[in-house]
Amino acid sequence: MEDHQGLTVGCHLSAAKGFAAMGRTATSIGANTFAFFTRNPRGGNAKAVDEADMARLREHMASQGFGRLVAHAPYTLNLCSAKPDVVDFARRAMADDLARMELLPGQYYNFHPGSHVGQGADAGIELICAGLDEVLDAGQSTTVLLETMAGKGSEVGRTFEEIARIIEGCRKGDLLGVCLDTCHVWDGGYDVKDDLDGLLEEFDRVVGLDRLKALHLNDSKNPKGSHKDRHEKLGEGHLGVETFAAVVCHPLLQALPMILETPNELDGYRQEIALLRSLAAKGAA
Ligand code: FE
Ligand code: FE
Ligand code: ZN
């Protein structure tokens with residue numbers, strides 16, 4: 001599916017009505033991928049597995065030519081908390097999520113590396129690697145993605161170097177990739193707006209572009225380097241529409257699944273998906 005016929009683009013959807021419903025909703029707004037929380041984003045509970053529902057989504061994705069999904073772990077999971085019970089819960093929840101993901105084989109599972117809560121990035125990275133070594137299963141079909149973070153509080157993954165150290169420190173690193181969030185890298189201090197090529201060169205040098213598997217497309221409410229992590233609608237923040245035009249037309253990026261996490265209802269997402277598709281078509285013309 002790496003032709004230039006169209007982007008693989010979608011948005012974060014509610015999982016409340018199940019998997020097949022998310023597939024239908026995605027199609028109804030012009031999307032051919034989507035993201036969803038694998039369990040309650042705050043509480044951490046997962047719904048019972050409904051294999052028939054997941055099978056219906058697989059059929060829908062095949063018939064509608066979907067690209068890979070980018071599932072999102074709940075953002076409360078913290079593999080590098082200072083509290084052992086929090087780390088233990090994160091490991092068990094991730095292992096359970098990955099087991100369920102095998103009912104939708106071959107997708108992506110994105111997670112926030114974690115917050116070291118004062119232990120320091122080195123200790124955080126060590127804990128994250130130990131957690132991944134425990135949770136990842138050599139036989140899994142899911143690629144686990146580390147999300148680039150804005151560096152809010154004590155977030156780990158605020159630099160490409162930290163992301164690279166996690167991948168290198170994990171014994172099962174071949175199962176890992178990266179999801180680059182445009183708002184987060186901007187807030188983290190990378191110039192995704194005026195130097196996209198420089199950013200990608202740096203990513204390639206530090207992490208390796210073969211690790212880049214998915215994008216989160218969000219504008220930012222704040223200036224570069226603010227470490228705030230406040231998403232804005234495309235074109236209404238500090239990045240502007242030109243940034244997203246450059247991303248969807250970039251030969252190194254245009255084939256990746258792109259997920260919107262902008263402050264929108266479904267109709268706003270429909271409009272942003274149409275905007276991205278038109279920007280890509282204009283770039284290709
Ligand atoms: Fe995220
Ligand atoms: Fe994100
Ligand atoms: Zn964010």
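Predicted model: local features only at pLDDT ≥ 70, side-chain atom pairs only at ≥ 80, totals over all residues.
User: What makes Asp 197 partly exposed?

Analyst: Its relative accessible area is 47%. Buried means under 20% and exposed means over 50%, so 47% falls in between and Asp 197 is partly exposed.

User: Let's turn to the rings. How many aromatic pairs does the structure hold?

Analyst: There are six aromatic pairs. One of them is formed by Phe 34 and Phe 36.

User: Why is the pair of Phe 34 and Phe 36 called tilted?

Analyst: Happy to walk through that. The centres are 5.9 Å apart and the planes are at 50 degrees. Pairing needs centres within 6.5 Å, and stacked needs under 30 degrees while edge-to-face needs over 60, so this pair counts as tilted.

User: And why is the pair of Phe 34 and Phe 66 edge-to-face?

Analyst: Here the planes stand at 80 degrees, with the centres 6.5 Å apart. Because the angle is over 60, the pair is edge-to-face.

User: What does the pair of Phe 34 and Phe 66 tie together?

Analyst: Phe 34 lies in the loop between helices H1 and H2, and Phe 66 in the loop between H2 and strand S2, so the pair ties together parts 32 residues apart in sequence.

User: How do you know whether Phe 34, Phe 36 and Phe 66 are buried or exposed?

Analyst: Compare each with the 20% limit. Phe 34 has a relative accessible area of 0%, Phe 36 has 3% and Phe 66 has 10%, so each counts as buried.

Methods: Residues numbered from 1 in each chain as written. Chains lettered and ligands numbered in written order. Heavy atoms only, no water. Buried < 20%, exposed > 50% of the residue type's maximum accessible area, 1.4 Å probe, protein only. Helix = DSSP H or I, 4+ residues; strand = E, 2+ residues; numbered from the N terminus.
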